[in-house]
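Let's take a walk through this structure together, one stop at a time. Have the sequence and the 3D view handy.

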Amino acid sequence: MNEITCECGHINPEGTVLCESCGKPVEGNQHIDGNDQKELLNMRYDGSARRSQTYNRTFIDKIWNFFSSVKVGVWLIFITVIASAVGTIFPQEVFIPGNADPATHYRDQYGIVGQIYYQLGFHDLFSSWWYMLLIAMIGISIVIASIDRFFPLYKTLKRQKPKRHELFMKKQRVFGTTENQNVDVEQFKANLKKRRFRVYEQDGHLLAEKNRFARWGPYVNHIGLIIFLIGALLRFVPAFYVDEFIWVREGETILISGTDGQYYVENKAFTLETYDKDNPEDARFKEAIESQSGAIPKTFRTDAVIYERTNTDVTGAEPELEQVKEGASTMNNPLKFGDYALYQASYQLNEFKEMSFKIHDKDDESTNYGEFTVDLTDPQSTYELDGGYRVEIANYFPDYELEDGEPVSVSKYPRNPAFVFQLFPPGESEPETSFLGIGANVDAGGENQYKLGLTEFDVRDVTGLTVKKDETLWLIAFGGAVFMIGVMQGMYWNHRRIWLQPRNDGVWIAGHTNKNWYALRMEIDKAIEGTGIQTPVDQHEMKS
């Protein structure tokens with residue numbers, strides 16, 4: 001590394017624009033901060049040597065320089081914001097209904113635009129590798145940009161001395177000369193201390209400094225953003241964040257997704273309340289109720305029991321459950337247990353539970369050769385009836401629809417069940433095939449002797465629960481708080497410095513601040529009262 005020795009004797013690292021000790025501009029490096037051919041100094045980083053402005057030799061240097069650029073950081077944030085906005089145009093994959101195939105769902109629902117949306121990966125944007133890469137690149141940019149600027153600036157400000165080079169003084173924006181040998185320096189120092197300046201002295205030269213901590217505001221912002229991004233990235237780690245959705249039927253006990261096999265839930269009962277125009281309490285909603293063709297939900301609640309599996313260490317064994325909590329999950333009032341919470345999110349009324357059928361003659365429904373009941377959530381493949389009759393389920397469509405002339409199931413839930421039955425009469429090896437659904441009973445061959453008829457059915461309500469676990473909220477909130485501290489630190493305080501240099505015929509005075517130059521001039525005016533020092537001028541305003 002090529003070091004730069006200033007005439008004051010201080011050794012500066014390569015890339016230094018202003019000597020860290022005396023502030024003299026280093027010839028040949030003024031282009032780095034744009035000081036070449038400029039009458040005033042750019043004091044943004046106090047002329048400190050930054051790696052990104054010094055080295056461009058190796059591949060690592062080029063990567064460092066790329067991520068340290070503010071423009072690159074802004075573009076990364078801009079691209080991420082645009083991608084996030086596009087990701088909200090259509091529902092994400094986790095929110096599409098049932099077990100629909102995303103490849104066809106987006107095309108069927110939203111046409112060619114939906115198909116392009118899916119093919120570009122926006123259907124699962126926030127879990128996609130390229131979106132995670134963008135977030136990671138923003139974090140890398142923030143870290144590298146902060147390191148590239150913070151440590152050189154910190155070192156420069158820590159080493160600054162009251163005694164400054166003539167060129168440093170003359171090229172400050174606020175600068176003035178006083179030809180008066182009777183300047184009251186002690187009064188000047190006293191005035192500065194009254195204004196809460198810290199005063200340093202070296203061989204008669206003075207440096208008064210105030211609010212240096214304000215310079216670190218942007219870097220505190222960066223720390224807050226990094227903490228925030230870490231919290232956001234941890235949401236993709238199951239140990240820290242769970243957001244699952246489960247359907248639970250009344251009377252059913254199922255595993256709660258996302259709990260790693262630890263917790264189960266039993267749906268004891270589901271209750272739906274609707275607005276009633278004849279109810280005095282709901283009278284104010286009368287017009288809205290009458291304008292709707294169906295009932296308007298008022299609230300819905302799931303009475304549930306939470307169980308914890310006690311034999312999780314036994315692989316393949318039937319789960320042994322121990323009740324840990326009983327309660328209700330209503331809208332905006334989740335049922336909490338352990339680190340998890342169940343939120344009431346949706347419901348399905350009158351879902352089919354069981355269907356009972358009988359065998360009768362094709363032309364005489366009064367006959368009955370046997371009955372059987374199909375559990376729609378777990379149907380058997382074969383039903384043996386008295387009298388030697390046997391019924392096999394050749395095909396089962398829980399949520400039947402006709403698509404391109406072919407029967408399909410649009411979901412795995414028994415909302416519109418349909419069957420292809422094969423009936424084997426006693427002693428027969430060839431079956432009679434029929435299609436049976438709600439409002440449909442079709443003889444497949446047209447020559448059947450027997451017919452299957454629906455005798456009764458049982459329905460039940462289904463509740464939709466969102467499973468939530470979030471161990472990242474405190475980290476995200478902490479990152480936001482740190483960010484706001486940095487905003488206040490940099491917004492409400494200004495780093496102000498005033499230099500006084502003794503001369504043979506009087507004194508020179510100069511001042512600098514990172515912003516709010518008017519307030520700095522007011523500070524100087526107060527500090528020079530009664531000292532005989534003339535008011536310095538704003539050289540930038542003089543030129544404009």
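A word on burial comes first: a residue counts as buried under 20% relative accessible area, as exposed over 50%, and as partly exposed in between, using a 1.4 Å probe and protein chains only. You're looking at a predicted model, where local features need pLDDT of at least 70 and side-chain atom pairs count only at pLDDT 80 or more, while totals for chains, interfaces and linings use all residues. Residues are numbered from 1 along each chain as its sequence is written, and side-chain values use heavy atoms, with hydrogens and water left out.

Start with the overall layout. The chain is split into domain 1 (50-157), domain 2 (163-211 + 494-538), domain 3 (241-349 + 464-470) and domain 4 (355-452); such bounds come from an automatic or database domain assignment. Taken over C-alpha atoms, the centres of domain 2 and domain 4 are 98 Å apart.

Now find the open sheet, where 4 strands run in the order E7-E8-E9-E10 with antiparallel pairing. Strand E7 (253-255) and strand E10 (321-330) sit at the edges with a single partner strand each, so one side of each has no neighbour in the sheet. On average, neighbouring strands here are turned by 30 degrees against each other, direction ignored; the axes behind such angles are lines fitted to C-alpha atoms. Strands here are DSSP runs of E with at least two residues, helices are runs of H or I with at least four, and both are numbered from the N terminus. Two strands pair if DSSP finds at least two bridges between them. Strand E8 (residues 263-274) and strand E9 (residues 297-309) pair over 11 bridges in the antiparallel sense, and Thr274 stands opposite Pro297 in E9.

Next, the charged pairs. A salt bridge here is a side-chain nitrogen of Lys or Arg within 4 Å of a carboxyl oxygen of Asp or Glu, and the whole structure has 28 of them. In one of these, Arg159 meets Glu20, with the closest N and O atoms 2.9 Å apart. Arg159 belongs to helix H4 (residues 129-159) and Glu20 to the loop between strand E2 (11-12) and helix H1 (59-68), so this pair ties together parts that are 139 residues apart in sequence. Arg159 is partly exposed at 38% relative accessibility, whereas Glu20 is buried at 2%.

Another salt bridge joins the side chains of Lys210 and Glu523 (2.8 Å, N to O). Lys210 lies in strand E5 (residues 205-210) and Glu523 in helix H10 (residues 517-527), so parts 313 residues apart in sequence are tied together. Lys210 is buried at 8% relative accessibility, and Glu523 is buried at 4%. Both belong to a salt-bridge network that links Arg195, Lys210, Arg496 and Glu523. Glu392 and Arg390 form a salt bridge too, with their closest N and O atoms 3.3 Å apart. Glu392 is partly exposed at 23% relative accessibility, and Arg390 is partly exposed at 24%.

Last stop: helix H9 (residues 473-491), where you'll find Met488. Met488 is partly exposed, with a relative accessible area of 40%. Gln489 is in helix H9 as well, but Gln489 is buried, with a relative accessible area of 12%. From Gln489 to Asn395 is 94 residues in sequence and 69 Å in space, C-alpha to C-alpha.

Technical notes. Axes are lines fitted to C-alpha atoms, for helices over the stretch in contact, and angles run from 0 to 180 degrees between N-to-C directions.
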